Amino acid sequence: MKEEPSAMICAPVSSIDPLDVPSGAIVDQCARCGHDVWLAPSGQAIKEKGALLVCVPCGLPEAMASGGVLITKEQIQEIREHDPEVYRELKAMLRRSSSRNN
Ligand SMILES: [Zn+2]
């Protein structure tokens with residue numbers, strides 16, 4: 001059985017002050033729009049397993065539509081610290097997707 005690679009949401013480089021980027025993070029590109037995104041060490045391991053990277057603006061609508069977008073606890077923490085507005089959207093999205101699965 002072939003597993004579909006899931007998409008993983010990453011913070012756009014433009015939304016985070018370079019001084020605030022987690023140590024070990026690297027710049028990669030969104031698979032949808034090509035925008036530069038930060039890939040934290042927690043995400044690098046997931047990418048190696050074949051996950052697509054998508055930036056927050058591309059990934060959030062996709063996550064809401066399909067629920068097939070992956071975001072790690074570490075990433076949620078990073079987004080919460082650096083982008084409170086995106087975090088609010090994300091929290092609302094996660095609430096919707098978890099209530100759908102119950
Ligand atoms: Zn994008």
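First, a word you'll need on the way: two residues are in contact if their C-beta atoms, placed from the backbone, lie within 7 Å. Leaving aside its neighbours within four places in sequence, Cys 33 is in contact with Cys 55 and Cys 58. Now check the C-alpha atoms of Cys 33 and Cys 58: they sit 7.5 Å apart in space, although 25 residues separate the two in sequence. You'll find Cys 33 in the loop between S2 and S3. Is Cys 33 buried or exposed? Cys 33 has 12 of them, so it is exposed.

**Zoom out**

Show the whole chain now, and keep in mind that this is a predicted model. Colour it by pLDDT if your viewer can do that. The mean for the chain is 78, with 81% of the residues at 70 or more. Look for strand S5 (residues 69-70), where confidence is lowest at a mean of 66, and then for S2, where it is highest at 94.

Switch to a cartoon view and count along: there are 4 helices and 5 strands. Of the contacts with a separation of 6 or more, 64% are between residues 24 or more positions apart.

**The hairpin**

Select residues 26-29 and 36-39. These are strands S2 and S3, which run antiparallel and are joined by 4 bridges. Which residue of S3 stands opposite Val 27? That's Trp 38. Asp 28, in turn, stands opposite Val 37 in S3. Next, pick out the 6 residues between the two strands and stop at Gly 34, which takes a positive phi near 80°.

Beyond its neighbours within four places in sequence, Leu 39 is in contact with several residues, among them Cys 10, Ala 25, Ile 26 and Leu 53.

Go to residues 7-10, strand S1. Here's a general rule to bring along: in a regular strand, side chains alternate between the two faces of the sheet. Which residues of S1 are buried on each side? Ala 7 and Ile 9 are buried on one side, Met 8 and Cys 10 on the other, and both faces of S1 are covered.

S1 and S4 pair over 4 bridges in the parallel sense. To see a pair across these two strands, pick Ile 9, which stands opposite Val 54 in S4.

Two serines are worth a click here. Ser 6 lies in the segment before S1. With 16 C-beta neighbours inside 10 Å, Ser 6 counts as partly exposed. Its C-alpha atom is 7.6 Å from that of Gly 50, which is 44 residues away along the chain. Ser 14 is in the loop between S1 and S2. Ser 14 has 9 other C-beta atoms within 10 Å, so it is exposed. Ser 14 and His 35 are 21 residues apart in sequence and 9.1 Å apart from C-alpha to C-alpha.

**The core**

Show side chains for Cys 10, Val 37, Trp 38, Leu 39, Leu 53, Val 54 and Cys 55. Those have the most contacts inside the largest nonpolar core, which has 19 residues. Which element gives the most? That is S1, with 4 residues.

**Last stop: helix H3**

Select residues 73-82, helix H3, and highlight its buried residues: Gln 75, Glu 78 and Ile 79. Turn the view until you look down the axis of H3: the buried residues fall within an arc of 95°, so they line one face of the helix. An α-helix has 3.6 residues a turn, so residues three or four places apart point the same way. Now look at the other side of H3, where Lys 73 and Glu 81 are exposed.

Note on methods:
Residues are numbered from 1 along each chain as its sequence is written. Two strands pair if DSSP finds at least two bridges between them. A nonpolar core is a set of buried Ala, Val, Leu, Ile, Met, Phe, Trp, Tyr and Cys residues joined through C-beta atoms within 7 Å. A residue is buried if 20 or more other C-beta atoms lie within 10 Å of its own, exposed if 12 or fewer, and partly exposed in between; C-beta atoms are placed from the backbone. The arc is that of the directions from the helix axis to the C-beta atoms. pLDDT is the predictor's confidence in each residue, from 0 to 100.
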